[in-house]
Amino acid sequence: MTGEDSQSPYIGEHGKSTKQKHDSRTQTMPFLRLSRRAIAVAVATISLMILSVFAVWHFETPIFDVSPYVWVSSLTTGASLRAYDGETTEAFPLARSTPVGDKYLIGVGKADITGPVVEINFGGYASLPQKGTGLRQRIYARTFIIGDVSKPDNRIAYIILDTQSGDAAVRIGILEGVAALGSDYAMYGASNIAVTGTHQHSGPGAWFNYLLPQITSLGFSQQSYQAIVTGALLSIQRAHESLTEGYLDIGMTNITDGNLSRSLYAYMANPAEERAQYHASTDTTMTLVRLQRASDLKNIGVLSWYPVHGTSMLENNTHVTGDNKGVAAYLFEKKMASDANAAPGFVAGFSQANVGDTTPNVLGAWCDDGSGQMCSYENSTCADGKSESCHGRGPEFFKLDLGVSSCYEMGRRQYAGALDIYNNLSISSIPVVGTSVKSYHFYQNMSFFQFQLPNGSTVQTCPAALGYSFAAGTTDGPGAFDFTQADSGSPNASPLWAVVSNLLRTPTDEQTLCQHPKPILLDVGEMSEPYDWSPNIVDMQALRVGQLIIIISPSEATTMSGRRWRNAVHSEAASTIFKGSVDPVVVLGGPANVYAHYCATPEEYGIQRYEAASTLYGPWELPAYINLTLKNLAYLAPDATGAPPVGPTPPDNRQTSLSFISSVVFDGEPIDRTFGDCTSQPSTSYIVGDVINATFVGANPRNNLRLEGTFAAVEQLDSTGSWVQVRDDNDWSLVYTWERTDTILGHSSVVISWESEISAEAGTYRLRYYGDSKSLLGTITGFSGVSNGFAITT
Ligand SMILES: [Zn+2]
């Protein structure tokens, strides 16, 4: 990709901005109503959008595999009571077949949040060319509600979205929606609803509250945003309606082949004596909570935490998926559908943890420049001194399938770990005890927030800023520009970017000093035109159920950041809340509630690789998060009353966000064809494992998201002569691809591909396509098409 190639269409797009079609659900572009000064700022915004082809807000970071331990390919189950920090806990395994913990109110719910699967930029990699062309797997909201039986208003609602992160706009939308549900839902609110993202990188974007992550998605899409909010609310309602009394217990296992450090050079900057306490440079423990209802002792769900980036699907993939955690949830829920101990509607939540410096590309990072070399340890560059050809490799990278096979395998490993825990819970588990269900939440402005370190010295956090290594990206998605990581910020690093960054905003001396040693590329925390570029106000939140404490992190904490934060909470909670009665289990979930990029340790910050360059609030961000958490931990005590002050209100940019996203104009049928006609039929017979394709006369799937439904289906002929749907959009093996074939006439085609599984039954099948067309007058009409039948033999 050259600068010229990628800039020119962009200038064209914005050059005709007054005639641009907009998403009909967003308000008329406010751009035209801005003052002259604001327009000048907006022009600068557009300049950045042009250059955003190169500068990625979330290109992920480099690694070099000199991991100090040896990978094993199978799960180590012997460590099932290993604490999160790798130490053996005091908690005792209990042989049990009946619950011995305390009773809670428990409920689970799941709902579809799949937004527009085509023509919208994906959230995560911030790669301008990565626009959706279809769907491999629907994405979901999964909600887990737990309440205090004796004080039923004391609840927590932990939401896992198959999205890049939690977000301020999405959170506001969910809170408004819950409030509108009426008095039955009055006990849910800002304090006890946690909105976490799995950190997948293959779903529709354009739903972010702040400007920076909107840059590559061309602004804000009401449709993309609303799909997430609507689904999240539905999952909350389903969880609420399923509430029943039940028990919780916790299990752990060690999944050593489920992640790898992608920033070991930075990790090694942490003190040797601290690193020596851990067996690996990433956390490899999965912690899982089982929800078991009291009425028949059936399990209604599991909720787990394990840190690994949702970057198995590569940056050039354009099909929507839930990435590796989406696969893990899919496999677990499918398994539970036939498990005698699982209740119907079982929900499996695979939540993200201290993900910051982890990668699913466990074979390490290699130079795709013909050299056969691994990328440099220090800054993940190749022989040319640049990071562009450095790519992390997943376990099945050799298949060159956009990460599909590696994603499935990394998801399978988390699924296998969770299943291993689940199967062993009847033998040994940690029952959750103590009936308290508590939470707190407040907003914290991180701009020049002063606080004391444990050693007594006073330090401060800073307005948000991104350093030079941010633009270099990571080995999960290298930047397309010649920044290198650990760059000193010398003028030679990128004079162009230095100029652009200064045009946009010259950091104040106070900010420069505050962020030191980060060389500031984008002073986003001090840029609020046309609206805020990045959050300065973050959500600080924690939840507690019995001895389980869940830290809700707004940032992607690195491995060591997560450990320090959890250890600090563990120590404080053990002495002040539990007073030795029970050993607290502390987990960290995120990125949640708002996307506040990364959180590196102060030592890692000094190295200024990607994660540190993306640690928005300066070197003391982690100590500040820990300080704020500990200061408010007393709100989780059993006898605690009241709540911390709400704090400053974050900006709500849902109505003011720019949008350059065109809406669907109309769909047209080719002469002598109608929507749904199968224009390319499958063959008459296949053997299992074959890929079966059918092509149809299509229409734009943005006309109707078919939430809770499907675009693609496989139907099987049963013994009575009826066709029965046996695969749908939820199935990893069934792929829906949409292509615009004639823009002027509104023609498009859809290919349904079934990658038939080795386990598929022999039989007669056909492929079906569900679509919705839009007429010139705007009427939307549903239709379906079906292929000829075909045989599959084993
Ligand atoms: Zn990330």
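Reply: Below we take the features of this predicted model one by one.

Me: Let's begin with the whole chain. How many helices and strands does the chain have?

Reply: There are 15 helices and 39 strands in the chain. Of its 794 residues, 58% are buried. Contacts tell you about the fold too: among those between residues at least 6 apart in sequence, 79% join residues at least 24 apart.

Me: What should I look for in a nonpolar core, and which residues touch the most other members of the largest one here?

Reply: The general idea is that in soluble globular proteins, nonpolar side chains tend to be buried together. In this model the largest nonpolar core has 191 residues, and I159, A232 and A418 touch the most other members. This core lies between domain 1 (1-435 + 574-591 + 637-663) and domain 2 (678-793), because both of them give residues to it. A second, separate core has 6 residues, among them C367, C375, C382 and C390.

Me: Which residues does A418 touch, leaving aside those up to four places away in sequence?

Reply: A418 touches M286, L288, V302, S304, A328 and F332.

Me: How many bridges join β37 to β38, and what do they form?

Reply: β37 and β38 (residues 780-786) run antiparallel and are joined by 7 bridges. Within this pairing, D772 stands opposite G782. The two strands form a hairpin with 5 residues between them, and G778 in the turn has a positive phi of about 100°.

β37 has other pairings to look at. Strand β33 (residues 712-717) is joined to β37 by 5 bridges, again antiparallel, with A713 and R768 as bridge partners. Strand β39 (residues 790-793) pairs with β37 in the antiparallel sense over 3 bridges, and there I792 is the bridge partner of G763.

Me: And how do I read a helix? What span does helix α3 reach from its first C-alpha to its last?

Reply: One way is to compare its reach with the value expected at 1.5 Å a residue. Helix α3 (residues 168-179) has 12 residues and reaches 17 Å, close to the expected 16 Å. Its buried residues are A168, A169, V170, R171, G173, I174 and V178. Among the elements that cover them are β6 (193-197) and α5 (222-241).

Me: What backbone details deserve a second look?

Reply: Most residues other than glycine have a negative phi, and most peptide bonds are trans. H199 is not a glycine, yet has a positive phi of about 70°; you will find H199 in the loop between β6 and β7 (203-204). Q608, also not a glycine, has a positive phi of about 55° and sits in the loop between α13 (602-607) and α14 (610-613).

Me: Is H199 buried or exposed, and what about Q608, buried or exposed?

Reply: H199 counts as buried because it has 30 C-beta neighbours inside 10 Å. Q608 is buried, with 25 other C-beta atoms within 10 Å.

Me: Where are the cis peptide bonds you would show me?

Reply: One runs from E529 to P530, with omega near -5°, and P530 is in the loop between β24 (520-522) and β25 (537-545). Another runs from G590 to P591, with omega near 0°; P591 is in the loop between β28 (585-589) and β29 (598-599).

Key:
Residues numbered from 1 in each chain as written. Predicted model: local features only at pLDDT ≥ 70, side-chain atom pairs only at ≥ 80, totals over all residues. Core = buried A, V, L, I, M, F, W, Y, C linked by C-beta atoms within 7 Å. Buried ≥ 20, exposed ≤ 12 C-beta atoms within 10 Å, placed from the backbone. Domains from an automatic or database assignment. Contact = placed C-beta atoms within 7 Å. Pairing = 2+ DSSP bridges. Helix = DSSP H or I, 4+ residues; strand = E, 2+ residues; numbered from the N terminus. Expected span 1.5 Å × (residues − 1).
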